[in-house]
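The sequence and the coordinates are displayed first.

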Amino acid sequence: MKSLFTLCLLASAALTGTAMAQTPAPAAAGSDCITLSSDQQLVRKGADRSILLRNGSDHYIVHFASSCSSAGFSKKLDFVTRGNEGQLCGGRASKLRTDSASCDVTTLEPITAEAFATRARR
C-alpha cells in the first residue's frame, strides 16, 4: 500500500512539473530580455500606452512608461536596446523608436496567440 501511495505521489509531482514547464514565465519582468525574430508583427491599434508584438510564434503586449501616441501613425517602428542589439527588454532598457519620438518600454506581457488575435481585431 505504501508503494502505491509513493507511486501516486511521484506521478502527481511529475504531472505538476510538466504543467508548470508549459506555463509561460513572464518574458520581461524588470530588465529581462527576449531575442527579436526577423519574423515580427506589430499591431498599433490603441497604441498610446502599449502595442501588440508577435515575435516568431510568441505574442506580447509591449507596455510603455508613458503615452506613445506617435506609435499609432509613425511610418517606421524600431526597438532599440543600447548594448543589446537584437534584444527587447523591459525595465526601460529598450525604447520604441518612431519617426518623431522614442518611448520607454516598461514591461513585456506574454499573451496567447488567441488573445493577440482578439486584441488585434478590436
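The model is predicted. The protein chain holds two helices and eight strands, arranged from the N terminus as α-β-β-β-β-β-β-β-β-α. Of its 122 residues, 29% are buried. Among contacts with a separation of 6 or more, 50% involve residues 24 or more positions apart.

Two disulfides are found in a search of the whole structure. Their geometry is tabulated below.

| Disulfide | S to S distance | S-S torsion |
|---|---|---|
| Cys 33 and Cys 89 | 1.8 Å | about 105° |
| Cys 68 and Cys 103 | 1.9 Å | about 80° |

The disulfide of Cys 33 and Cys 89 is right-handed, because its torsion is about 105°. This pair links distant parts of the chain, with Cys 33 in strand E1 (residues 33-35) and Cys 89 in strand E6 (residues 87-89), 56 residues apart. Cys 33 is partly exposed, at a relative accessible area of 30%, whereas Cys 89 is buried, at 1%.

The disulfide of Cys 68 and Cys 103 has a torsion of about 80° and is therefore right-handed. Distant parts of the chain are linked here as well: Cys 68 lies in the loop between strand E4 (58-64) and strand E5 (78-81), and Cys 103 in strand E8 (residues 102-111), 35 residues apart. Both Cys 68 and Cys 103 are buried.

With the bonded cysteines numbered in sequence order, the pairing is 1-3, 2-4.

Definitions and conventions
Residues are numbered from 1 along each chain as its sequence is written. This is a predicted model: local features need pLDDT of at least 70, side-chain atom pairs count only at pLDDT 80 or more; totals for chains, interfaces and linings use all residues. Side-chain values use heavy atoms; hydrogens and water are left out. Helices (H or I, at least four residues) and strands (E, at least two) are DSSP runs, numbered from the N terminus. Buried means under 20% relative accessible area, exposed over 50%, partly exposed in between (1.4 Å probe, protein chains only). Contact means heavy atoms within 4.5 Å. A disulfide is a pair of cysteine sulfur atoms within 2.5 Å.
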